Amino acid sequence: MMRKDIPAGEQEQREVTDAVERLGRQILSICRDELYFSMRFMDVALSSFAYQMDSGVSPFGTDGYTMYFHPRELGGLYRENRILANRGYLHMVLHCVFRHIVKPEPGQLRHAREGNMDQKELAKRYWNVSCDIAAEHIIDGCDLRPVRWSRSLLRRETYRKLEDTGHVLNAERIFFEMEKWDLTEKELAALEEEFYVDDHRYWESDDEKRPPDEQLNNKWKDIGEQMETDMETFSKEASEQSGHLLGELKVEHRERYNYREFLRKFSVFREEIKTDPDTFDYGFYTYGLSLYGNLPLIEPLETREMRKIEEFAIVIDTSMSCSGELVQRFLEETYSVLRENESFFHQVNVHIIQCDEKVHQDVKITSKEELQDYMEHFQLYGEGGTDFRPAFEYVDGLIRKGEFMNLKGLLYFTDGYGIYPGKMPSYRSAFVFLEKDYRDVDVPPWAIKLILSEEEIKQSRRHTQ
């Protein structure tokens with residue numbers, strides 16, 4: 001019915017606009033339902049959006065709460081092939097599940113050292129295409145009718161190069177791998193065109209003035225964890241057809257650690273000759289001086305209990321699975337913690353042991369200078385199989401010989417695949433896995449498990465430089 005207070009032409013235009021918006025919402029609802037019947041473990045994720053028309057978006061995009069769509073472009077995509085619309089819907093959902101929409105670009109690009117003045121904008125472009133590749137790689141790995149689509153030559157070649165690295169291909173990993181490719185502007189533009197699916201204009205990371213939306217981040221973190229649990233239990237059969245999705249969810253939700261704080265867990269309490277200001281009362285001190293001239297009523301304690309690294313062992317797995325470059329990065333980060341002024345007692349006893357299926361080298365470190373010299377002349381020995389028992393037996397032998405008087409911790413840097421000791425040692429032990437690919441390795445119940453990625457070590461070192 002036409003309202004009398006609105007001109008006929010404007011009323012007709014409003015009716016057309018409303019009809020177009022309803023059609024767009026219907027298309028997105030159909031996409032959601034088709035995906036749901038094949039991926040029931042994504043029910044909450046698929047249904048977590050409102051739909052809103054926006055003629056400025058191309059062809060659609062999301063801010064984590066709403067899916068915005070261009071009416072003409074969405075309709076054209078659906079008419080061309082409804083699978084393309086399904087893939088676009090799933091693509092946006094995956095951006096949210098992996099929280100690409102709230103993550104900032106992961107640090108600097110190598111191009112900054114080459115004098116590229118547009119480095120910030122370039123990093124943003126790399127990050128956007130990395131997120132798109134990560135989402136499309138999951139979708140292309142799904143053996144599901146609603147999203148099955150042929151791959152172009154460029155797409156196949158890009159996946160091959162990334163998969164050859166042996167890593168789980170989340171957005172952060174793809175970003176760091178692409179950084180090594182030295183892409184020309186033409187090559188980068190080709191990747192952007194090939195993997196472009198949705199508009200990222202609504203992403204939080206694209207708006208530096210907007211404060212972080214913790215509610216949005218927590219919402220999608222909870223949804224992702226629920227999906228992971230469902231895929232591992234009730235929807236195992238469906239998850240097998242979902243390609244890399246479960247593996248990447250495991251990477252996304254594994255607990256992140258600060259290695260510097262982790263290393264401090266191996267510190268011990270010990271008295272050191274040093275004034276303790278926390279136990280000193282200046283009131284009694286100054287009162288004594290004023291009353292007796294030069295006789296304070298209380299003197300500061302000459303010792304204080306400090307938490308510092310005193311004795312521990314680092315064992316390096318020198319099997320074929322651990323490359324020298326990555327091992328050295330781990331040692332460099334360990335060294336950066338130890339070289340801090342407050343990290344060493346006056347006397348230290350750190351053993352760096354290289355071992356694969358037998359012990360090849362043991363270097364004793366008693367000072368920062370010795371540790372620095374070791375790092376400057378670092379070399380790997382071994383490259384055999386992996387057996388953890390010889391290293392523990394060797395350290396137990398050092399304890400019996402009196403080489404360690406108060407060993408509190410052993411760090412074993414490895415990929416986790418080997419034979420573990422049958423008995424719990426008398427000291428705390430931690431297996432530090434450098435994540436080349438996500439593998440949920442079972443360690444003995446008496447051991448601590450720490451998973452570090454190459455990026456986490458690299459970023460931690462950037463913060464200390």
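Two strands pair if DSSP finds at least two bridges between them. Strands (E, at least two residues) and helices (H or I, at least four) are DSSP runs, numbered from the N terminus. The model is predicted: local features need pLDDT of at least 70, side-chain atom pairs count only at pLDDT 80 or more, and totals for chains, interfaces and linings use all residues. Residues are numbered from 1 along each chain as its sequence is written, and side-chain values use heavy atoms, with hydrogens and water left out.

**Exercise 1.** Describe how β1 pairs with β3.

Solution. Step one: β1 and β3 (residues 66-69) run in the parallel sense, with four bridges. Step two: Tyr51 lies opposite Met67 in β3.

**Exercise 2.** Classify the packing of α4 and α5.

Solution. Step one: α4 (residues 82-97) and α5 (residues 119-140) pack at about 120°, their axes 9 Å apart; axes are lines fitted to C-alpha atoms, for helices over the stretch in contact, and angles run from 0 to 180 degrees between N-to-C directions. Step two: α4 is therefore oblique to α5 (under 35 degrees is roughly parallel, over 145 roughly antiparallel, 65 to 115 roughly perpendicular, the rest oblique).
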